[in-house]
Amino acid sequence: MGHMPRSTAPSRSNTTSGHVLHLIRTGDALTRADIGRVTGLSRPAVAARLTELMARGLVSEGAQGPSSGGRPPGRLEFNAGGGVVLTAALGISRSQIAVCDLAGHVLAHTSGSPQVEQGPSTVVPWLLDTWQELLAKAGRNADEVWGAGIGVPGTVEFATGRAASPPVLSSWGGVEIRPMVADRFPVPVLLDNDVNVMALGEHWARHRETVDDLIFVKVSTGIGAGIVSDGAILRGSLGAAGEIGHIPVHGGGGTPCRCGNTDCLEAVAGGPALLRHLAALDRDVSGIRELAALAQEGDPEAVRLVRDAGRRIGEVLSGAVNLLNPAVIVLGGDLALAYDHLVAGVREIVFQRSTALATRQLRIVPSRLEDDAGPLGCAVMVLERLLAPEAINAALARS
C-alpha cells in the first residue's frame, strides 16, 4: 500500500505491533534489524511483536534479505493474500467492480452498467451478486472478505456513509448503504464520492514520488475534483469539497445547470454540452469516448471543443492552484482520452492566471490508471482504515 500521510516514526515506548506492520507494509523495514534500527526496540521486543503478527497470518519471514556479514537475515513480508476487499466504482454511464487483495492488487474485475439512477434498491443487489461471482472467479470465499469500498457520483457524508441530499442522484439521498451490504457481507463498508476514490488511487500510484499534494480532475458526463492535501483526501466539513463542476465560468451564455444555477463549468464544458454542440452541426456522435477519439484523430471541430473545454477547466483550476498549491494535477475521465488537446487548454489558462510561485514546479499529467483508478482507490480507502496501526492493535487485542 506504500505511502501514507507524512508522520514521524513512533517512539520506542509506543511502537506497537500495528506500527511494526505499517513499517513492513510500506517497505520501511524489511528485516528484524531494520525494525530495531527504525524504532529503537530491543531484539526481544521486536520478536514479540512479530510473533503476534505472524500468529494472525499478517506477516511472514521468508526469502533472505541483504546480508551485512554473517548469517543473512530473513526478509519480512506483509501477507497481502491473507484477505480480500470488495470494491465498486459506480458511474452514471459505466461502473468498475473488483475484488482486491490486502495490497490493493486486483484479483478479479468486471465492468458493468447498472442503472445507477434507479438507486440503491436496484444497484446494491446487483453489486452483491457481482461481488459473489468475482469472489468465485478469484477462488476466494465470503469469509475472507475484510471490508468493502464504494465510490458513487455526487456528494457523500463520509463519516455516516450516506450520499448527501440532494446529491447528483436524488434516489441515493440519505440511504444507508452499509446495512444493505452487511446482510451478505458483515464487514466494514466505506462510501465516498467517485472522484475522491479516483484521487486516492492516483495518489497511491505515485507514492514512490512522495507526491502529497495532488488534484485529480475527472472530466466526463460531469466534472469534479478529488483533492489530496498533505497525503490525505480533503473532504471538507460536509463532504462537498472538490465540486469544481459547479463553479460558474465566464461567457457561458446563461446555460442552465442541473444544480439549479447557470453557467457552471460542468454545464458549459462537460461531455453532454460538447455533444450538444456537435449535434447542432448535424454530427452524430454516440458519446464522450467517441468525441475524445475524434479529437485524438484530429477532427477539427472535436479538437476545438475539447481544447476550449480545457480552457474552461483551466479557468477554475487556476483558482484552485492559488488556493491549494498542488504539486500535480491529474486529468482523468472519458474526455481525458483526448489528453493532448484537453491539457493544452488547461495549461494555457492555469499557467497564465495562477501565481508564478504556485506554478513553478506544478505538473499537469494524464491519469496513470484510467479505469483502474476507482477500484484501486476504493481498496486504498478501506485498507487505510483496516490496516491502520490502531485498527490492527484493536484486532489483535480481540483475538
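A: Gly 154 sits in the loop that joins strand 6 (145-152) to strand 7 (156-157). Helices and strands here are DSSP runs, numbered from the N terminus, with helices being H or I of at least four residues and strands E of at least two. The model is a predicted one, in which local features need pLDDT of at least 70 and side-chain atom pairs count only at pLDDT 80 or more, while totals for chains, interfaces and linings use all residues. Residues are numbered from 1 along each chain as its sequence is written, and side-chain values use heavy atoms, with hydrogens and water left out.

With a relative accessible area of 7%, Gly 154 is buried. Buried means under 20% relative accessible area, exposed means over 50%, and partly exposed lies in between, using a 1.4 Å probe and protein chains only. The C-alpha atom of Gly 154 is 6.9 Å from that of Leu 169, a residue 15 positions away along the chain.

Val 211 is another loop residue, placed between helix 6 (194-205) and strand 10 (214-219). Its relative accessible area is 6%, so Val 211 counts as buried. Val 211 and Val 328 are 117 residues apart along the chain, yet their C-alpha atoms are separated by 7.6 Å. Apart from neighbours within four places in sequence, Val 211 has contacts (heavy atoms within 4.5 Å) with His 203, Arg 206, Ala 327, Val 328 and Arg 363.

Ser 354 occupies the loop between helix 11 (339-353) and helix 12 (356-359). The relative accessible area of Ser 354 is 9%, so this residue is buried. A polar atom of its side chain lies 3.3 Å from the backbone oxygen of Ser 318. A polar contact is a pair of N or O atoms within 3.5 Å; within protein, one must be able to donate a hydrogen and the other to accept it, and residues adjacent in sequence count only if both atoms are side-chain atoms. Not counting residues up to four places away in sequence, Ser 354 touches Ser 318, Val 321, Asn 322 and Thr 359.

Two further loop positions concern backbone geometry. Most residues other than glycine have a negative phi. Asn 325, in the loop between helix 10 (300-324) and strand 13 (328-332), has a positive phi of about 50° although it is not a glycine. Asn 325 is partly exposed, at a relative accessible area of 46%. Glu 370 also has a positive phi of about 50° without being a glycine, and it lies in the loop between strand 14 (363-366) and helix 13 (373-386). At 51% relative accessibility, Glu 370 is exposed.

Thr 39 belongs to helix 2 (residues 32-39) and is buried, with a relative accessible area of 7%. The side chain of Thr 39 reaches the backbone oxygen of Ile 35 at 2.6 Å and the backbone nitrogen of Leu 41 at 3.1 Å. The buried residues of helix 2 are Asp 34, Ile 35, Gly 36 and Thr 39, and they pack against helix 1 (17-25), helix 3 (43-55) and strand 2 (74-78). Just after helix 2, Gly 40 takes a positive phi of about 80°.

Gln 296, in helix 9 (residues 288-296), is partly exposed at 40% relative accessibility. Gln 296 and Tyr 339 are 43 residues apart in sequence and 8.0 Å apart from C-alpha to C-alpha. Neighbours within four places in sequence aside, Gln 296 is in contact with Leu 337, Ala 338, Tyr 339, Asp 340 and His 341.

For the whole chain, the secondary structure comes to 14 helices and 14 strands. The radius of gyration is 23 Å, close to the 21 Å that the globule rule gives for 399 residues, so the chain is as compact as a globular protein of that length. That radius is taken over C-alpha atoms, and the globule rule is 2.2 Å times the number of residues to the power 0.38. The C-alpha atoms fill a box of roughly 75 × 50 × 40 Å along the principal axes. Of the 399 residues, 53% count as buried. Among contacts in the chain with a separation of 6 or more, 64% are between residues 24 or more positions apart.
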